[in-house]
Amino acid sequence: MPTRRVFISYEGSDRMKAKGFRLLRWNNNVDVSFHDRHLLDPVDSTNDDYIRSCIRDEMKGTSVTVVMVGENTKDSDWVDYEVERSLKEGNGLVAIKVDDDISDEDIPDKLKENGAEIVDWDPNEFDDAIERAASQRSKVGESTVRGRAGTGCGRS
């Protein structure tokens, strides 16, 4: 299986889970392989246009966007923007629930409406989920991108 290049999307309070996900690729006990792009270190700016340009730059060359879904993800304007951008770029989408208590109501509508696979936190499943998302790239986002427009900085 090829090593995919993924963009990691998350809401600010899930930063440590996103970092943990990123570190899995170096864990010899987990069969997951990817190259990652991300903004795990917060952008030092309050300028929305600049933050959007940073997101676009990090997303370049990726084929899959992995959205770390916590209880506040659906309220994040930045995750919304990253999903919209992913759809425009033709990236496959995977949503990973960061905790067992994350419900379907916590999943952003844009992910559900655009065919993202939703998986539980099971590192042994991540590689296959990323590969399935990559194979769905041409089908993702065929419908109109729906949901609220992103405003303000949800990334802390």
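## Charged pairs, a helix and the overall fold

Arg132 is partly exposed, with a relative accessible area of 36%. In this predicted model, the side chain of Arg132 meets that of Glu117 in a salt bridge, with 2.7 Å from N to O. This pair links distant parts of the chain, since Glu117 belongs to strand β5 and Arg132 to helix α5, 15 residues apart. Glu117 is itself partly exposed, at a relative accessible area of 26%.

| Pair | N to O distance |
|---|---|
| Glu117 and Arg132 | 2.7 Å |
| Arg52 and Asp49 | 3.4 Å |
| Asp106 and Lys74 | 3.5 Å |

The salt bridge between Asp106 and Lys74 has its closest N and O atoms 3.5 Å apart. Asp106 lies in the loop between β4 and α4 (109–113) and Lys74 in the loop between β3 and α3, so the pair ties together parts that are 32 residues apart in sequence. With a relative accessibility of 11%, Asp106 counts as buried, because the limit for that class is under 20%, whereas Lys74, at 30%, is partly exposed.

An α-helix has 3.6 residues a turn, so residues three or four places apart point the same way. Asp49 is exposed, its relative accessible area being 55%.

Other charges form a patch instead: Glu71, Asp99, Asp100 and Asp101 gather on the surface as a patch of negative charge. Of these residues, Glu71 is placed in the loop between β3 and α3 (77–89) and is exposed, with a relative accessible area of 51%.

Helix α5, where Arg132 lies, spans residues 123–135, and its buried residues are Pro123, Phe126, Asp127, Ala129, Ile130, Glu131, Ala133 and Ala134. The cover over these buried residues includes the strands β1 (4–10), β2 (34–38), β3 (64–69), β4 (92–97) and β5 (117–119), together with helix α1 (15–23).

Taken as a whole, the protein chain has five helices and five strands, which follow the pattern β-α-β-α-β-α-β-α-β-α along the sequence. Of its 156 residues, 47% count as buried. Among the contacts in the chain with a separation of 6 or more, 77% are accounted for by residues 24 or more positions apart. The accessible surface comes to about 7800 Å², and carbon and sulfur atoms hold 41% of that area.

Note on methods:
Residues are numbered from 1 along each chain as its sequence is written. This is a predicted model: local features need pLDDT of at least 70, side-chain atom pairs count only at pLDDT 80 or more; totals for chains, interfaces and linings use all residues. Side-chain values use heavy atoms; hydrogens and water are left out. Buried means under 20% relative accessible area, exposed over 50%, partly exposed in between (1.4 Å probe, protein chains only). Helices (H or I, at least four residues) and strands (E, at least two) are DSSP runs, numbered from the N terminus. Contact means heavy atoms within 4.5 Å. Patches are made of residues with over 30% relative accessible area and no salt bridge: like charges are joined within 9 Å, nonpolar side chains (Val, Leu, Ile, Met, Phe, Trp, Tyr) within 5 Å. Accessible areas come from the Shrake-Rupley method with a 1.4 Å probe; for residues, only the protein chains shown count as cover. A salt bridge is a side-chain nitrogen of Lys or Arg within 4 Å of a carboxyl oxygen of Asp or Glu. Lys and Arg count as positive and Asp and Glu as negative; His and the chain ends are not counted. The place of a charge is taken as NZ of Lys, CZ of Arg, CG of Asp or CD of Glu.
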